[in-house]
Amino acid sequence: MNDFLTALGLALAIEGILYSAFPGPMRRALASVSGMPDQSLRLGGLLVLAIGVFVVWLARG
C-alpha cells in the first residue's frame, strides 16, 4: 500500500508541474482530447497502461 501511495503522489506531482509550467499547452491538449473519439482514448489509455506496467516491472525486477 505504501508503494501505491508513493506512486500516486508522484503522478500527482508530475501532473501539477505540467499544469503550472505549461498552462496554455495543457489547456490546448485537454481541448483536443475532448474532441477525440472514445475508441482512440481507450486505445491510448491501454497503451500508456502497458508502458507503465512495463516500467514498473523493469524497476522492481
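Contact here means heavy atoms within 4.5 Å. Keep that cut-off in mind for the helix stop below. The model on screen is predicted.

**Stop 1: the whole chain**

Along the sequence the pattern reads α-α-α. The radius of gyration is 14 Å, well over the 10 Å that the globule rule gives for 61 residues, so the chain is more spread out than a compact globule. Now turn the model along its principal axes. The C-alpha atoms fill a box of roughly 40 × 30 × 20 Å.

**Stop 2: the surface**

What share of the 61 residues is buried? Buried residues make up 2% of them.

**Stop 3: H1 against H2**

Select residues 2-21 for helix H1, then residues 23-34 for helix H2. Two packed helices are described by the angle between their axes and the distance between the axes. For H1 and H2 the angle is about 110° and the axes lie 5 Å apart. Angles of 65 to 115 degrees count as roughly perpendicular, and H1 and H2 are therefore roughly perpendicular to each other.

Next, show side chains where the two helices meet. Which residues of H1 take part? Pick Leu18, Tyr19, Ser20 and Ala21. Across from them, in H2, pick Pro23, Met26 and Leu30. The residues of this contact divide into six nonpolar, one polar and no charged.

**Stop 4: Asp38 in H3**

Move on to helix H3, residues 38-60. Select Asp38, which has its place in this helix. Is Asp38 buried or exposed? Exposed means over 50% relative accessible area. Asp38 has 55% relative accessibility, so it counts as exposed.

**Stop 5**

Draw a distance line between their C-alpha atoms.

Terms used. Residues numbered from 1 in each chain as written. Predicted model: local features only at pLDDT ≥ 70, side-chain atom pairs only at ≥ 80, totals over all residues. Heavy atoms only, no water. Axes fitted to C-alpha atoms, helices over the stretch in contact; angles between N-to-C directions. Helix = DSSP H or I, 4+ residues; strand = E, 2+ residues; numbered from the N terminus. Parallel < 35°, antiparallel > 145°, perpendicular 65-115°, else oblique. Nonpolar A, V, L, I, M, F, W, Y, C, P; charged D, E, K, R; others polar. Buried < 20%, exposed > 50% of the residue type's maximum accessible area, 1.4 Å probe, protein only. Rg over C-alpha atoms; globule rule 2.2 N^0.38 Å.
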